[in-house]
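Biologist: I have a sequence and a model on my screen. Can you walk me through it?

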Amino acid sequence: MSGSEGRKRIVFVGGGHAHLYGLKRAGELVARGAEVTLVAPHRHHYYSGMGPGLLSGLYRPEDARVDVEALAAAGGCAFVEDRVVGVDAAARVLRLAGGAELSYDWVSFNTGSRVPLERISGADGEAIPVKPIENMLELRARVLAGRRGEPFRVLILGGGPAGVELAGNLWRLGRAEEVRVDVTLWEAGDRLLPALPRRAADRARRSLEGRGVAVRTGRKARSLGQGKARAASGETLSYDVAVLTVGIVPHELFRLSELPVGPDGGLLVDAFLRSPKHPEVFGGGDCVRFGPKPLPRVGVYAVREGRVLFRNIRAALEGRPLEPFRPQKRYLLILNLGDGTGLATWGRWTAGGAWALRWKDRLDRSFMGRFQVSGEGAAPRTPEEKAR
């Protein structure tokens with residue numbers, strides 16, 4: 001596949017957080033003579049911040065996703081529903097899973113991340129990874145289909161933010177749908193939320209245990225198989241479904257394509273979100289390694305990178321200097337605990353309550369509303385209204 005005669009070709013690979021801003025403004029690139037294409041495996045991008053609420057029923061699927069095909073089309077951007085499986089940076093060609101090739105003058109990657117199933121023996125094919133976010137719809141369906149006399153047992157491996165939110169929202173799902181759900185949260189470290197303040201970890205644990213969620217810390221799961229999780233000590237724990245939230249890593253695309261990568265395989269980018277070896281290659285979000293300073297893989301950085309990515313792609317098209325991405329030192333994180341409250345952190349500051357979930361809900365709906373262009377989107381219902 002190639003561009004029209006004389007037109008510069010810009011390709012966005014992935015429709016995630018770091019590309020939404022650029023896709024919305026793709027018309028500016030088209031107006032400057034570029035041929036713009038989005039390549040994504042699905043027409044819908046699900047927003048990770050609303051994933052736990054999607055599981056519990058706080059949000060409908062259409063509330064938590066962006067129709068990136070429609071968003072791209074609104075700006076005159078072509079859409080290819082496929083995956084990029086190889087990059088020939090020297091020839092400036094992308095190889096697609098379907099067998100086609102797509103050439104580019106500039107390309108930007110926002111391909112997200114995956115849960116490393118290989119960290120636990122037997123997890124591949126046995127456990128549901130927390131990513132992609134639409135897996136929460138599968139988990140919801142599994143729980144609701146498991147209605148029976150005895151409780152449906154869900155084991156969550158990983159006690160970071162995702163694990164805590166899923167545990168709380170599984171409790172909410174059971175309560176809302178009158179399903180008996182036994183939830184166990186298993187964290188290998190000595191406490192929940194190891195990257196957050198101790199006060200946040202203690203508050204989260206009290207909230208979960210107060211609702212009957214079993215929290216196990218200081219034990220590492222060694223293997224999964226036939227409905228049993230096994231620890232290095234030999235102890236076992238039975239489950240009906242296991243969910244993996246043991247961190248995220250970039251996909252292998254960049255390493256396999258011999259592009260410069262960081263230690264974890266993320267596409268290495270400089271301060272301008274550009275490959276230091278291939279200046280026509282850009283990237284943002286979970287799939288990159290920010291060369292000047294390693295950054296946590298959280299949505300706030302991906303969203304803020306989106307504006308700089310678009311401006312630098314436009315500047316490259318126009319032959320102007322690029323601008324650097326300046327990451328903020330601290331960021332607001334609000335967890336949806338599933339009981340109508342949120343847990344907020346900002347650096348070392350921690351607080352929580354119903355107000356925090358209302359704040360998170362407003363932020364999430366506002367963010368999604370900027371990019372939902374096809375009639376999808378949430379009605380203005382608060383978490384309290386949904387819970388009634």
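The questions below go from the sheet to its helices, then to ring pairs and cysteines.

Biologist: Before we start, what kind of model is this?
Modeller: Local features are taken only where pLDDT is at least 70. Side-chain atom pairs count only at pLDDT 80 or more. The model is predicted.

Biologist: Which residue in β19 is the bridge partner of Ser108?
Modeller: Strand β9 covers residues 106-109. Three bridges join β9 to β19, and the two run parallel. The partner of Ser108 in β19 is Phe282.

Biologist: Why does the pair of Tyr21 and Phe310 tie together parts that are apart in sequence, and how many residues apart are they?
Modeller: The rings are edge-to-face, 5.9 Å centre to centre, with 75° between the planes. Both Tyr21 and Phe310 are buried. Tyr21 lies in helix α1 and Phe310 in helix α9, so the parts tied together are 289 residues apart.

Biologist: Where does Tyr331 lie, the partner of Tyr301?
Modeller: Tyr301 and Tyr331 are also an aromatic pair, edge-to-face at 5.6 Å and 70°. Tyr301 is in helix α9, 30 residues from Tyr331. Tyr301 has 4% relative accessibility, so it counts as buried. Tyr331 lies in the loop between α9 and β21 (332-336).

Biologist: How many aromatic pairs are found in the whole structure?
Modeller: Ring pairs also link Tyr47, Phe367 and Phe371 into a cluster. The search covers the whole structure. The count is seven.

Biologist: Which charged residue sits over the ring of Phe371?
Modeller: Phe371 belongs to the cluster with Tyr47 and Phe367. The charged end over Phe371 is 5.8 Å from the ring centre. That residue is Lys24.

Biologist: Which residue lies over the face of Trp186?
Modeller: The distance to the ring centre is 4.9 Å. The residue is Arg216.

Biologist: Is Ala351 buried or exposed?
Modeller: Ala351 is found in strand β23 (residues 349-353). It touches Arg203, Gly342, Leu343 and Ala344, not counting residues up to four places away in sequence. Its relative accessible area is 15%, under the 20% cut-off, so Ala351 is buried.

Biologist: Why is Cys287 in no disulfide, and how many disulfides does the structure hold?
Modeller: The closest cysteine sulfur to that of Cys287 is in Cys77, 17 Å away, so it is too far for a bond. Cys77 is buried at 6% relative accessible area. Cys287 is buried too, at 0%. The number of disulfides is zero.

Terms used: Residues numbered from 1 in each chain as written. Heavy atoms only, no water. Pairing = 2+ DSSP bridges. Helix = DSSP H or I, 4+ residues; strand = E, 2+ residues; numbered from the N terminus. Buried < 20%, exposed > 50% of the residue type's maximum accessible area, 1.4 Å probe, protein only. Contact = heavy atoms within 4.5 Å. Phe/Tyr/Trp six-rings, centres within 6.5 Å; stacked < 30°, edge-to-face > 60°. Lys NZ or Arg CZ within 6 Å of the ring centre and 35° of its normal. Disulfide = S-S within 2.5 Å.
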